[in-house]
Amino acid sequence: MDSRQRPLSPHLGIYRPQITSVLSILHRLTGVALAFGAVLLTYWLSAGAYGPEAFARAQEFMGSWFGRSILLGLTFSLFYHLCNGIRHLAWDAGWGFELPTLRATGWIVLIASVILTGVTWVLAYKAAGIL
Amino acid sequence: MSMRTPLNRARGSGSTKDGTGHWWAQRLTGVALVPLTLWFVFSVISLAGADYAAFKAWAGDYGRAVLLILLIIAIFHHAQLGLQVVIEDYVHKEATKVVMMVVMKFAVYLCAAGCLVAVLKFALGS
């Protein structure tokens, strides 16, 4: 047998995206996004430590449409990573590996993340006196 | 009597290196971050559009400072563990991997120190 004719396993791109695989990579992506969110948290806290002018600038940035879009993305990332992290902990405990359970918990995680993000932003707008 | 080859022993790495410790630390910080981040999000919401005085009052509270310090330690430890795995998985050139790893770890500790000093500044009332 010619060794050059050996079949190769298909590349990732050949597979149809499934809820299990999409949520898996989303966990990693949101994790990396949250690391950048931690840098933003550092900027915000440091601005507070620097004084009123620096803090006012930081608050202005967070309140701008650009800052708000980043914070919205980070809010969803946080709740998704948190909910899916709990799903991971359940797997670590040996629970939830059957395919129907996997799909169900996946959807629960997604819906819970969207709801928690929505609740957070309604509360934030209420706190800011806009709603 | 060790079953390892002399070369393996010289490299100082067992079959799984220190994977279990890494895995366990990631779960432990993850579990801690569930209540800590939920508390943080719903506490920090009150500061949407707030001025400096409101921030100072918020950050100057003793109990809040304790929770913030725990949050910061857990966040940056967890981030460092996670980013390490991401770099290990996708960066295959040894030199690039080592440089990225060192830069990432230094950046994480720099941010952690920045956050901690900021929290302490308000907690200690200066």
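Modeller: Leu83(B) lies in helix α4 of chain B, residues 62-90. Helices here are DSSP runs of H or I with at least four residues, strands are runs of E with at least two, and both are numbered from the N terminus. This is a predicted model, in which local features need pLDDT of at least 70 and side-chain atom pairs count only at pLDDT 80 or more, while totals for chains, interfaces and linings use all residues. Residues are numbered from 1 along each chain as its sequence is written, with chains lettered from A and ligands numbered from 1 in the order in which they are written.

Leu83(B) counts as partly exposed because it has 19 C-beta neighbours inside 10 Å. The cut-offs are 20 or more other C-beta atoms within 10 Å for buried, 12 or fewer for exposed, and partly exposed in between, with C-beta atoms placed from the backbone. Leaving out residues up to four places away in sequence, Leu83(B) touches Met104(B) and, in the other chain, Ala35(A). Contact means C-beta atoms, placed from the backbone, within 7 Å. Met101(B) sits 18 residues from Leu83(B) along the chain, and their C-alpha atoms are 8.5 Å apart.

Chain B has 5 helices and 0 strands. Of its 126 residues, 17% count as buried. Take the chain B contacts between residues at least 6 apart in sequence: 77% of them join residues at least 24 apart. The mean pLDDT of chain B is 91, and 90% of its residues reach 70 or more. pLDDT is the predictor's confidence in each residue, from 0 to 100. For the complex, the predictor gives an ipTM of 0.89 and a pTM of 0.89.

Next, the contact between the chains. Chain A supplies 28 residues and chain B supplies 26. On the chain A side, α1(A) gives the most, with 12 residues. That side has 18 nonpolar, 8 polar and 2 charged residues. Nonpolar covers Ala, Val, Leu, Ile, Met, Phe, Trp, Tyr, Cys and Pro; charged covers Asp, Glu, Lys and Arg; the others, Gly among them, are polar.

The largest nonpolar core has 32 residues, and those touching the most other members are Ala38(A), Ile72(B), Ile75(B), Phe76(B), Cys115(B) and Val119(B). Two or more residues come from each of α1, α2, α3 and α4 of chain A, and from α4 and α5 (94-123) of chain B. Again α1(A) gives the most, with 7 residues. Such a core is a set of buried Ala, Val, Leu, Ile, Met, Phe, Trp, Tyr and Cys residues joined through C-beta atoms within 7 Å. Beyond four places in sequence, Val119(B) contacts Leu45(A), Ala59(B), Ala65(B), Leu68(B), Ile69(B) and Ile72(B).

One helix pair also spans the two chains. The axes of α3(A) and α2(B), residues 19-44, come within 10 Å and cross at roughly 145°. Axes are lines fitted to C-alpha atoms, for helices over the stretch in contact, and angles run from 0 to 180 degrees between N-to-C directions. Residues of α3(A) in this contact include Leu78(A), Leu82(A) and Ile86(A); those of α2(B) include Arg27(B), Val31(B) and Val34(B). By class, the contact has 7 nonpolar, 3 polar and 2 charged residues.

Methods. Contact = placed C-beta atoms within 7 Å.
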